[in-house]
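Hello,

Here is the structure I promised to pass on to you. Have a look at it first, and then read my notes below with the model open beside you.

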Amino acid sequence: MDVTTPVTEPLLRQGFSSTATLEALEDVVLVPKVSGKLKELRVSPGDRVRRGQVLAVLDHRDQDAQVGALSAQTAVNRAGLEQARAELEQAQRERERYRKLLAEGYATKQELDTRVTALQTAQAAYNRAVATIRQSQASLQAQQVNRSEFVILAPMDGVVLKDYDLAPGALLGTSSPVAEVAQIDTLKAVIQVPENQLPRVREGMTGFLTGEGFPGREVTGTVRRIDPYVDPSTRTARVEVQVPNKTLGYPIKPGMFAQVFLVEATAKDALTLPPTAIRDGGVFVVEDGKARRRAVTVGLVLPDRVQILSGVASGDRVVVGGGDALTDGDRVSSD
């Protein structure tokens, strides 16, 4: 007959485990919106980048020339607009002058009509000049936007994961990846939780991560997202555990494999026994060579340990094996 004494565990955790591959919180593969030859690639894998930083530049000489030509045409149209404005203002002054002269008897109605017609002509010319300058400005702005697409910028603060081994002169299309940028200050471990365990998961739960990529270290994360549906093909739901990688000193990297233990409850200085010691809500304690049955109250239940809240003390000798046929008061011999 096997006998043991209860063991006090400094910290007992009840929960369940799952496996996950670590991912960046945000991960973007950048592709150009235009086709062209790569002029320069300014980053390499591992480089930290800031939002708006130039990562790559495509050859944009043709676009520069078009921007220059449209800028020059816009300047010409702007000068034409200024001239049309001056002629319009002069025509307005002439009409007003002849209106007064007619009222004073120094001009004829025909002379005033001539000035009115001249004003209408000047107004039409000015309107055309306004439309022309707006059109040229719109064309210039569109070309400037097109020109900007030849410069690829970082969409966020992060780290360059890949540069796809590109070299200057490479011809890129609108589906050609140029760089992959990820935000790794916070990583996420995505686990698939079976639907029968899903009621045990809640946002804010602590998850402890271990893995071969960071041996001997336990990394703490927090459940931040639980998908509101169950995948009918796998009968699982996606749960996201986020890890503050930056504050921990970047011990983990995207792509690492990890074991995630989600903690449902904890207990400090917990008195524990092996599960085999408990039979029908009680245990047998060896006292003076006899088996004495005691009812126990259990707390946290783990696969290999059960927390005992009451019924036994730390020095008690408890039967854990070979006592299936015991009754209260039976004489026992223990190992």
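**What I found**

Leaving aside neighbours within four places in sequence, S136 is in contact with T74 and N77. You will find S136 in helix α2, which covers residues 109-148. Please keep in mind that this is a predicted model. S136 counts as buried because its relative accessibility is 8%, and the cut-off for buried is under 20%. Its side chain also reaches back to the backbone oxygen of I133, at 2.9 Å.

**The strands**

One place to look is Q14, whose bridge partner in β13 is A265. Strand β2 is also joined to β9, again antiparallel, through 9 bridges. Here V28 has V181 of β9 as its bridge partner.

There is also an open sheet of 4 strands, in the order β6-β5-β3-β8, with antiparallel pairing. Which strands form its edges? They are β6 (151-153) and β8, each of which pairs on one side only. Within this sheet, strand β3 (residues 36-41) and β8 run antiparallel and are joined by 2 bridges. If you want to see them side by side, G36 stands opposite L172 in β8.

In soluble globular proteins, nonpolar side chains tend to be buried together. The largest nonpolar core in this model has 27 residues, and the members that touch the most others are L22, V201, L209, F214, I252, V260 and L262. Two or more residues come from each of β2 (7-30), β9 (179-194), β11 (219-226), β12 (236-243) and β13 (257-273). Which element gives the most to this core? That is β9, with 6 residues. Apart from this core lies another, of 16 residues, including V43, L55, V160 and V181.

Not counting residues up to four places away in sequence, I252 touches L22, L187, F214, V219, V243 and N245.

From there you can move on to L187, which sits in strand β9. Is L187 buried or exposed? L187 counts as buried, because its relative accessibility is 0%. Beyond its neighbours within four places in sequence, L187 is in contact with E23, A24, L25, V241, Q242, V243, N245, I252, K253 and P254. Take K253 from that list: L187 and K253 are 66 residues apart in sequence, yet their C-alpha atoms are 7.8 Å apart in space.

**Two aspartates to look at**

Finally, here are two residues for your backbone-angle practice. D165 has a phi near 55 degrees, which is a positive value in a residue other than glycine. D165 lies in the loop between β7 (158-162) and β8 (171-172). With 73% relative accessibility, D165 counts as exposed.

D269 has a positive phi too, near 50 degrees, and again the residue is not glycine. Where is D269 placed? This one is in strand β13. D269 is exposed because its relative accessible area is 59%, and the cut-off for exposed is over 50%.

Enjoy exploring, and do write back with your questions.

Best wishes

Notes:
Residues numbered from 1 in each chain as written. Predicted model: local features only at pLDDT ≥ 70, side-chain atom pairs only at ≥ 80, totals over all residues. Heavy atoms only, no water. Buried < 20%, exposed > 50% of the residue type's maximum accessible area, 1.4 Å probe, protein only. Polar contact = N/O pair within 3.5 Å; in protein donor to acceptor, adjacent residues only side chain to side chain. Contact = heavy atoms within 4.5 Å. Core = buried A, V, L, I, M, F, W, Y, C linked by side-chain atoms within 4.5 Å. Pairing = 2+ DSSP bridges.
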